[in-house]
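Welcome! Please take a moment to look over the sequence and the 3D view before reading on.

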Amino acid sequence: MLRASLLCSSTSITFTPIQLFNPNSSHRFPRFELSRPVSALSRTKCHLSLLRARGKSSFLTRSTATDEAVETSSNSGLDLVEVGFLSGVHGLQGEICIKPNTDFPDLRFSKPGRRWLKQQLLGQDKIDEVELVEGRPHPAQKSWILKFRGLDDVDQVRQLVGATLLAEDDDRPELDEGEFYSRDLVGMRVLLKETGQLVGTVANIFDNGGNDLLHVLLDSSMEVCNGNAKTNQLVWIPFVDAIVPDVDLERKEMYITPPKGLLEVNMRADDRSKKERRQLEWKERKKQQKRLIAAKKKLCEMEQKHVFDGLRFGEKSQRNLLADHILNVNSTLLQKALQSIDTSSKRWNVTEEINALRARVSECNLSVSRECLSFDASKENMGDNFSFLQQGQNLFSEGKVSICLVLNDHENEEPEGENGVVSYLHALLDEEQRFIKEEDRACVPLVIVSPEHTIEALQKLFQDNDHFGFESEKIWILKEETLPVVCSSPEEPKKHKILMKSPWEILESPVGSGGVLSILASHGTTDSLSTLGINYLQVHSIETKPQPSQHYINPMLVGFVSARGAEIGIQVTEESELKNLEMTFSMKFLKRLKGKIEFEAVMKMNSHVQNVEKEWVESVPSEPNSFEFRSDIYRVLSECSSSAKICLMNITV
């Protein structure tokens with residue numbers, strides 16, 4: 001089986017094996033039908049990017065595949081479809097449990113009527129008609145309990161364990177506009193919308209939970225790998241509106257607009273046997289299971305066992321969602337954050353710290369006017385400060401500086417709208433007067449830390465604009481650091497339980513600008529930048545949407561830090577105080593820091609759900625009931641020794 005992955009900000013999980021077939025073959029294959037609709041609404045959740053780290057392009061996604069039902073024919077000529085398999089006897093009255101293979105269990109199992117059982121007898125499939133009397137969900141398992149007419153004792157139904165239950169295909173529900181059954185998509189021709197060129201044929205549909213993936217058998221005419229024609233190649237194509245905008249059921253055709261490199265990057269590039277690939281996939285799955293076990297153990301040690309309640313029920317995609325949430329909890333940071341709840345020392349004040357730096361009379365303090373930030377500022381206007389600008393420009397052009405943009409846009413549901421952070425970033429990158437010159441960008445690594453809901457829009461922005469002159473393998477788009485929200489209970493002041501947004505989602509809140517340091521360390525980005533020869537990281541956090549003329553990403557700060565041999569440089573604007581952060585760090589300091597950050601626990605009101613006597617109950621507070629953890633990047637100043645050099649650049653109007 002072909003291994004595929006999607007690039008986003010989460011960790012890699014390999015796909016589970018699924019059965020593939022060649023629709024162009026002359027052999028007769030069973031038709032496939034997904035037991036749930038492929039919804040156009042669900043085709044918007046895929047985070048796709050061809051931005052590559054360390055020169056490698058990959059796809060990362062989590063495996064949430066469900067087996068698809070194989071259509072069968074009986075001697076009566078009826079079209080039948082598999083809806084589940086009988087897994088065990090229930091009780092003493094002839095009832096039997098069934099594991100569903102359908103997303104319509106109410107229709108398939110609770111409606112009395114004719115059904116069929118398929119069993120193997122002497123190596124041959126044998127199909128017998130039965131009558132379903134009643135069915136009900138199992139109260140404690142993800143299964144149903146069925147009762148068939150004429151089967152009244154344990155010995156009779158025990159012989160049916162392992163059989164497959166079939167139902168009439170015509171009973172499947174009518175779908176809304178924009179929804180499709182996978183059997184209607186399998187075998188479709190896939191064409192490029194722009195040119196009409198045949199790409200291949202849909203061989204299978206794979207459900208990864210958040211969206212569906214098309215497994216497409218490439219046409220032999222496609223030359224997508226180093227200009228050479230490839231045969232029998234299968235590629236993954238996300239079934240999302242942005243990539244598959246048009247589906248014509250009547251003509252059995254779909255038109256795709258794949259991002260540059262999508263078809264090339266996820267083709268199988270090795271000649272390993274199917275057995276070798278499956279062994280590798282098995283190892284990856286076992287490794288993921290071990291990671292989940294270790295994460296659960298950590299949470300148990302922190303007395304957070306209640307987080308696992310949702311793993312015992314729900315759809316597979318929901319349980320996988322909870323598993324992902326558990327894996328994403330940074331237990332080390334959470335433990336440190338919990339300690340901040342009981343800290344009784346005086347709250348650290350950012351403004352006071354900056355004012356103390358301003359009060360120094362030192363060569364490490366510099367005041368410049370806003371006009372000096374422009375890239376075409378003249379030597380006459382800048383005076384002695386012109387040398388800092390020149391030194392900064394040289395560092396950028398020599399590939400010694402990396403830029404980190406921290407985008408904060410949590411409340412805006414339309415990041416690409418007129419006031420969205422994506423639109424603002426587009427304008428910023430397009431204007432050389434406010435950003436480094438395009439000819440210097442190829443040697444500048446770019447790190448973007450963003451809320452999860454804006455990542456897909458950012459990836460598309462860079463793809464559509466040829467990465468704005470940056471090299472794609474030197475771009476990292478990372479999800480911001482978040483931590484679980486914990487309860488505040490007067491009855492149990494020492495026990496702070498993680499709150500659940502739903503049975504399968506942990507309630508989380510963003511850490512703030514300080515989380516950037518943790519992200520860079522945990523993702524290995526700091527080490528990657530050092531490997532590229534980077535000496536300084538310039539961090540810009542856009543907390544508000546300033547006017548275009550107000551925000552500059554300028555090399556003067558890093559030039560000033562370099563000239564003074566400092567470890568940290570801070571740029572503040574008097575009129576906006578500390579709303580928009582701009583800091584420069586030496587890579588040596590970041591390595592020494594190792595992602596350490598300090599937290600402040602903030603009381604908030606948060607609705608959540610909780611499991612009370614096996615029932616999930618929503619709790620809506622009327623007063624602050626929980627702690628959210630915040631970290632300000634300025635708090636790194638408390639980690640600095642008294643001998644550390646800190647440069648402060650004040651921007652005056």
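Predicted model: local features only at pLDDT ≥ 70, side-chain atom pairs only at ≥ 80, totals over all residues.

The secondary structure comes to 17 helices and 33 strands. Among contacts with a separation of 6 or more, 72% are between residues 24 or more positions apart. The chain exposes about 31700 Å², and carbon and sulfur atoms supply 45% of that area.

Now to the charges. Side chains of opposite charge can pair when their charged atoms come close. The structure holds 19 salt bridges, and the table shows some of them.

| Salt bridge | N to O distance |
|---|---|
| D246 and K193 | 2.9 Å |
| K336 and E598 | 3.6 Å |
| K474 and E471 | 4.0 Å |

The salt bridge between D246 and K193 links distant parts of the chain, 53 residues apart: D246 lies in strand 15, and K193 in the loop between strand 11 and strand 12. D246 is partly exposed at 30% relative accessibility, and K193 is partly exposed at 43%.

The salt bridge between K336 and E598 joins residues 262 positions apart, with K336 in helix 7 and E598 in the loop between helix 17 and strand 29.

Is K474 buried or exposed? K474 counts as buried because its relative accessible area is 17%, under the 20% cut-off.

R114, E129 and E168 are linked in a network of salt bridges. On the surface, D430, E438, E439 and D466 gather in a patch of negative charge. E439 belongs to helix 12 and counts as exposed, at 58% relative accessibility.

Conventions. Residues numbered from 1 in each chain as written. Heavy atoms only, no water. Helix = DSSP H or I, 4+ residues; strand = E, 2+ residues; numbered from the N terminus. Contact = heavy atoms within 4.5 Å. Areas by Shrake-Rupley, 256 points an atom, 1.4 Å probe, with all protein chains shown as cover. Patch = residues over 30% accessible without salt bridge, like charges linked within 9 Å, V, L, I, M, F, W, Y side chains within 5 Å. Salt bridge = Lys/Arg side-chain N within 4 Å of Asp/Glu carboxyl O. Lys, Arg positive; Asp, Glu negative; His and termini not counted. Charge placed at Lys NZ, Arg CZ, Asp CG, Glu CD. Buried < 20%, exposed > 50% of the residue type's maximum accessible area, 1.4 Å probe, protein only.
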